[in-house]
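Try each task before reading its solution.

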Amino acid sequence: MSSIPASAFLALALILFCIGLYGALTKRNTVIVLISIELMLNAVNINLVTFSKYGINPSIDGQIFALFAMAVAAAEAAVGLAILMALYRNKKTVHIDEMNEMKN
Amino acid sequence: MNLHSILSILVFSPLLGIIVLAIIPKAQEKAIKAVGFLATLPALLLSLAVYAHFLAGKNLSDFSVSVPWIQFRGINVQEPIFSVYYELGINGFQLLMVVLTSVISTLAAIGACKFIKKEWKGYFMLFLLLVTGMLGVFTAENLILFFIFFEVTLIPTFFLIGKWGYFEKEKAAYSFLIYNGLGSAVLLIVIMVLFAKTGTTNIEMLKQMVADPQLFKGGFKLGLFIALLVAFGVKLPIFPLHSWMLRVHVQAPPSVVMIHSGILLKIGAYGLIRFGMGIFPQQFEKLATLIAILGVINLLYGAFLAFIQTDFKMVLAYSSISHMGIVLIGLAAMNEAGIQGAIFQAVSHGLISALLFFLVGVLYERTDTSLIENLGGLAKGMPLAAGFLLAGAMASLGLPGMSGFVSEFMAFLGLFKVQPWIAAVGTIGIIMTAAYLLRAVLGMTYGKAHREFDGVLDLRGVELVPVFVLMALIVLIGVYPSVLSSPLQATLETIMLGLGG
Amino acid sequence: MSLETFSQLNWSIMTPEFLILGVIAILILMDLFMPKTLDRKILGWIGIAATFAALVSTASMIGGPVQSILHDTFRIDSFALAFKLLILVGGALVLFLAVSYEPKDGVERYQAEFYYLLMTAMLGAMVMTSSGDLITLFIGLELLSISSYILAGIRKFHGQSNESAMKYVVNGSISSAIVLFGMSYVYGLTGTTNLLEMASQLAALADSNHVYLLTLAFLMIVVGLAFKLAAAPFHMWAPDVYQGAATPVTAFLSVVSKIAGFVIVIRILLTVFGFAATKGQDSIPILYDMQNYLAVIAGATMIIGNVVALRQSDIKRMFAYSSIAHAGYLLVALTSLTTNMFQSIWFYLLAYLLMNLGAFAIIQVVTEKAGSTKIADFAGLYRRAPVLAVAMGILLVSLAGFPGTAGFIGKLNIFIGAFYAEPGHYVLASIMIATTVVSYFYYFSVMTQMFFRPAEDESKFNIPFGILVVLIIAVVGSVLLGVMPNIAFDFMQNNMDVIGDFFK
Amino acid sequence: MENAWLIPLFPLLSFMILLLIGKRLREASAYVGILLTLASLVFSILVLFERFSEPSYLAKFNWLTIGDLHLTAGFEVNQLNALMLFIVSLVSFLVHTYSKGYMHGDERFHIFYAYLGLFTFAMLGLVISPNILQTYIFWELVGVGSFLLIGFYYYKEEAKAAAKKAFIMTRIGDVGLLIGMILLFWQTKSFEYSEIFNAVEAGGVSNTMITLTAILIFIGAVGKSGQFPLHTWLPDAMEGPTPVSALIHAATMVAAGVYLVAALFPLFTASKTALLTVATIGGITAIFAASIGLVQTDIKRVLAYSTVSQLGYMMLALGSAGYVAGVFHLMTHAFFKALLFLAAGSVIHAVHTQNIEEMGGLWKKLKLTAPLFLIGTLAISGVPGLSGFFSKDEILVAAWEGGHPVLFLLALIAAFMTAFYMFRLFFMVFTGEKRGKQKDVHESPSVMTMPMVLLGILAVVAGYVNTPWFGSFLGDWLVDGNPALGHSHIEGPAWIMIAATVVSLAGILLAYLIYGKRSIAPDWLSGKGDMLHTVLNNKYYIDEFYKLTVVAFVTGFSYLLRFIDVFLVEGIVKGVTGIVQGLGRTGSKMQSGQVQTYGAVAFLGLAVLVVIYALTGGYLR
């Protein structure tokens, strides 16, 4: 494991984050958008765990933080999906670009 | 009574009227009007009492009051740094403005009883708030208090214009609000910069601290002064910041224009003298030529444009611009004559324009028009109104024996000493003033009547009160200018001291 | 840590949080077991009572020493107390609005949820004020956020409400991710999540790569948190969400949520980046180095908020932009970084809380009556309900920053800071003043409607008790703080040593 | 003399009484006015006689304090002032009396008297002012009195226009006076006449400055006294009631310009250029106005142009250093011109027209008016033995001795013309056949004729106070104690007197031949020089010239400014608000409702900040 440098993990996290961000900002389907957001949050987790192991001052805090972040991400996803369902009931669509009743 | 509390009572007495008005039912028109009028009286009587106090040779500083009010904490622990006092005071110049304000307010209240046709309750409540604001502006001894009262005048005026004005009232109200808002925004910047740098806003203390080259660099002060010039230039108004004022003069109800043209515009002059000249004397001196030129531009610009207007209100509006040019001319002279002329002009124009706008209000009420063309031959139907209109115009064009002359004369006397060429150009304005005023007033009163004036009533009853009082004051100042100049001498000395001359 | 030491910790400093938490639990249970037919309003009143109790217990801690438990993850210092007070006051007032809220589209059933979700959101904000650790800060933030997401969508049969909630979730999650990403770098460079430890670690930072990374983290955190403040560039969700959410929720978002946002921004920025050196020990901290970026954000926020507000015809959208603009004003105070920053931000938030909640109280009454949220619905309000109109007038004047009101004093405070700083932030302050003037336009357009225009129908209003309470507190508070701001200043000065406590 | 300050106050009192209760007094208002001006007259006479035996008197008090400057007000009685007091109050009293008959039946009778009172007050105040500032104040006030009275028939468009024109044209001059006065003040630190003269004498003022201020002050006099080129208002001013023309536009106010130059004479003598300017303008005006007078057909306009011309004479005198001559002519002119106007008024009163071509043959019907008119005509024509002869002679001598042969020649020609057009007027009105519609022509009541008689006597005898034959009593008295005013009497060659007599008789003869005997056709002149006649008839197109230049410029400039006001000033404002609104619109449009856009914008913002940070050296630092 130690052969893999920390920067690789960081790069992976950054790439994941960017993919997530890209997905969140471009996908039409709200479910995919929510998943993309999860991707971003997971990228953060990779970062945290990496730093926890390879950081300047490695400590357990990062892993704890990651656990909390996961829990929060789960809650967020749950709420997001719940809201999406309510929305779907009213609008019969999950396409995020059709949610433009309010604008300007 | 404790003399120190007099100014506070003077300033806040109109608020009492608001409270009383709040409990009077809407429908009681007479009671509302009576209260609205009576509520202006305490201020009038007190201000006259203060004047009498002065005449008796006693010290005006007897009235100053200073109580700690706000401490802006966190910047510095040392007292009294960054604390704002509730401090009111009065000197000769302020005294004049206060008396002017209270007189015109009372008369405008009478005017309002005649001209306002709906919702008197709201009108008088706002009106009284406005009066408090104006009185506060002229008695505030520090910049923040000044600014607070200054802004307090904005909101009632906005509503008074917007609700009780003529056809384009809302537009006028908005342009009033935005221009003056911008002006006061600039003013606020100056005030806060001074406050932040010195920790005080007391005008006397600022005078000393700003003069300290350690605290302020010359260029920086110049910037601040220019900002101040712009801020009060909007109010005065100085070309090209004037267009809001035209709209207000045309659209606002006459009783509001009496106040607006009579007093609110004078806040600009007051501010320039008290703060511009008081706090930044060197910078004022540096820009004196520019100010003189601006003054002449104002004078001529207003005069020439007034010459081709078809609506008498517009003539008066442009004439206000023109006359405020004389204030600038006087100030730019930077000598006693000029400054005194400017102050005289402020007071004098206050009275004259209040008179003229009151008459316009009467005319409009009777004939539903203020177009010069439609009013031709008015002297037949309304000889008294026509006569006073002519007298007012004469006062306005600087006829000796009336207040306008003394002010104009002193302003030019002052400027001719330092800038004879600019002043000489400015004198064209004197001719033009006569030309446009006579064109307009004679167009309205003389000549063949274009319409029947049957059933059109002349001035009568209570309407004569404002007209007579204003005319009497105009003539009094014209004949015996010492009523104004004697309180001013001490103030002038201080200003001249600041100017280093 | 043994259970014994765990129980011996000074838990009393968490009394307000426990109170709120306990009552939330009770409310949930009561809601569960109360007959469906019973009016849930009583639950709202219980919530209000709990909030007041929390308020009292918070107030009783004022003047005490700095205390912290759980390795400084939860701390009570003056900063925490001061802002917790604001949050509790704001939360209480929002609850007053909530109990007066008469939902129309079948949400009656969820009314109890409405109350305790508001309270959980409030709890999250409270936790944020007292956090000394990135993790607790983040948890508090998410507690607040997730509760708010649900609140925004609580009118579940209402399309706009769903839409607003969805937008809120998507944007909020993205912002969380960005903030977290930034935080992860900060953690990586320090190896700790405790803010004060981070500060001491970073005080001697000299490696330019690390500084660069940290600055990137700084930007990410700032931009991410801008979401909570509704500041540029993360402001665009606000109008849509504000418009769609129920009015008390909008009020909550615009006030309590914003206060919480400032709390977290100040905490992180000041403790971490205020110490993180750029070139080794005693060099200029990153925060000062990046002042101009904050200034740009503040300026952009003020301009966008005020200018776009001009075009609005929906009162709630307009207030959304107005709240963006106010966030900009507050950022000016933050940017100038003078010693009076805490006071000016605190005072301004207090003033903003009063005037904005008051305004929303009236908006709630008027929009409920009219069934729409158009500004034009305010036409002739002066005729229909003069008291409401005058109260709204005073609140609008305060929002616009006219003297005699708290809004004015708040702005003065900010100006003093901006000009006092060396070098002074003249441009930023000028933008602030200029955009304030722009704001006259839209605030006064409401006035125009209320006072100048004729009413469509002349029907009168009946003002619910809760609204009345909020209105009285808001109007009296706005005027009182405008005339005698020393009440608040002295309170801050005499009881709190914010700066002293902040880094203990 | 200590009480001389009361003199102006009587008419002021009359003004105020009549303004307040005149409406109730109706025609009894006249008695108020007459009695109070009589009081002024009595006091004036007393003061005049007192001044013969006592030195000048000066009293003043502080009027206005400006820092260290103390401007005073007060009154002074010296020779010139005393004389003017007498002239003004006398003419005013006579006109007050006369008007009772002339204005009988006018519904604004009391207003008329009130205005007369105001004017008289101002005029009397003007002549006792001890300083130039006070002079200026009253100077303007007489202007207003004149303005009000010209516009008395306010419902007539012509009266309105004339009043306006009078006010504005004189104000142009007044501004000159104002500037001159202020400049002088800063040179001498005083408005007091005596201190100004002392300063000028002591050489405290540079020559250029003296010339400049003197000419500026003279511009004021030009405006007031209807001198070329600001003369056009005076003929138009004849729209006012005729007594007004007699009082204001013949005897008193228009002479104020001459008075002003006389009062400031030491200043003018200190500058050759200034004096020459005065003389030249005077000379030009004299002949210029006289030539226009040749062809006028309105009885009052002929008299008006004659007034302008005579005022030019006075200016010529003063400009030729003939102080005494100027003042002397001022006095005699006041009498005979007032007489002429009152007589003309009497004629108009009788025939209800002012057009001399509709008159004729009135000699028999107006038994008293006609001879009095003749006396006036003879006096103005300079027929030996009458007052005008002596004063005009003095002027011609002064001009010749002053070294202005050209101006002398002009004056001589003007004298010829004067005699000609005055007798043309006389013959056309009083002799020959009856023309036009004359109905029930009868002599005016005695309240109108008595003042004329008194003036007639004065027109004959007033000249004898200063003659080459019986001693120059007036001259000696006027310059007594004031060497700066020049000689009391200028000796000139005797041929001048003869020439003057010949010229005036020639003028009379020619007029007789054309209009009396009709041995030369009336269109003899116009037939010969058609163009000249047209030019004269149109008053040299001066009015048209002004309309095309000054008025057009002012109006054009005003419209240009309006263009600026509407498009530039407002345009900038509109532009700024437009930009703000446009920003708002753009911002509002960007708010597309697409939640992903919102996130994208946020990310973009972050990216931009990062890029800026990177570019400004964050990474490479």
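**Exercise 1. Find what share of chain A's contacts between residues at least 6 apart in sequence join residues at least 24 apart, then describe the chain's overall form.**

Solution. Keep in mind that this is a predicted model.
- Step 1: Take the contacts in chain A between residues at least 6 apart in sequence; 49% of them join residues at least 24 apart.
- Step 2: List the elements. Chain A has three helices and zero strands, and from the N terminus on the order reads α-α-α.
- Step 3: Compare the radius of gyration with the globule rule. Chain A has a radius of gyration of 17 Å, well over the 13 Å that the rule gives for 104 residues, so chain A is more spread out than a compact globule.
- Step 4: Look at the box. Along the principal axes, the C-alpha atoms of chain A fill roughly 50 × 25 × 25 Å.
- Step 5: Check burial. Of the 104 residues of chain A, 40% count as buried.

**Exercise 2. Work out which helices of chain A supply the side that touches chain C, and which classes of residue are found there.**

Solution. 
- Step 1: Count both sides. The contact joins 37 residues of chain A to 37 residues of chain C.
- Step 2: Assign the chain A side to elements. Helices H1 (6-26), H2 (30-54) and H3 (61-91) of chain A each supply at least two residues, and the largest share, 17 residues, comes from H3(A).
- Step 3: Sort by class. This side of chain A has 25 nonpolar, eight polar and four charged residues.

**Exercise 3. Repeat the analysis for the side of chain B that touches chain C.**

Solution. 
- Step 1: The contact takes 28 residues from chain B and 31 residues from chain C.
- Step 2: Strand E1 (65-71), helix H6 (143-164) and helix H7 (169-198) of chain B each supply at least two residues of this side. The largest share comes from H7(B), with 13 residues.
- Step 3: By class, the chain B side has 19 nonpolar, four polar and five charged residues.

**Exercise 4. Describe how strands E1 and E2 of chain D are arranged.**

Solution. 
- Step 1: Find the sense of pairing. E1 (residues 57-66) and E2 (residues 69-77) of chain D pair in the antiparallel sense over nine bridges.
- Step 2: Pick out opposite residues. Ala59(D) stands opposite Phe75(D) in E2(D).
- Step 3: Inspect the turn. E1(D) and E2(D) form a hairpin with two residues between them, and Gly67(D) in the turn has a positive phi of about 60°.

**Exercise 5. Which residues touch the most other members of the largest nonpolar core?**

Solution. 
- Step 1: Recall the background: in soluble globular proteins, nonpolar side chains tend to be buried together.
- Step 2: Of the 703 residues in this core, Leu118(C), Val261(D), Leu339(D) and Ala411(D) touch the most other members.
- Step 3: Ask which element gives the largest share. Helix H15 (residues 341-370) of chain C does, with 21 residues.
- Step 4: Zoom in on Leu339(D). Leaving aside residues up to four places away in sequence, its contacts include Leu372(D), Ile375(D), Met452(D) and Leu455(D).

**Exercise 6. Find how confident the predictor is in the complex and in chains C and D.**

Solution. 
- Step 1: The complex receives an ipTM of 0.89 and a pTM of 0.91.
- Step 2: Chain D has a mean pLDDT of 85, with 97% of its residues at 70 or more. Chain C averages 88, and 98% of its residues score at least 70.
- Step 3: Within chain C, confidence is lowest in helix H22 (residues 498-502), at a mean of 75, and highest in helix H20 (residues 465-483), at 93.

Technical notes: Residues numbered from 1 in each chain as written. Chains lettered and ligands numbered in written order. Predicted model: local features only at pLDDT ≥ 70, side-chain atom pairs only at ≥ 80, totals over all residues. pLDDT = per-residue confidence, 0-100. Contact = placed C-beta atoms within 7 Å. Helix = DSSP H or I, 4+ residues; strand = E, 2+ residues; numbered from the N terminus. Nonpolar A, V, L, I, M, F, W, Y, C, P; charged D, E, K, R; others polar. Pairing = 2+ DSSP bridges. Core = buried A, V, L, I, M, F, W, Y, C linked by C-beta atoms within 7 Å. Buried ≥ 20, exposed ≤ 12 C-beta atoms within 10 Å, placed from the backbone. Rg over C-alpha atoms; globule rule 2.2 N^0.38 Å.
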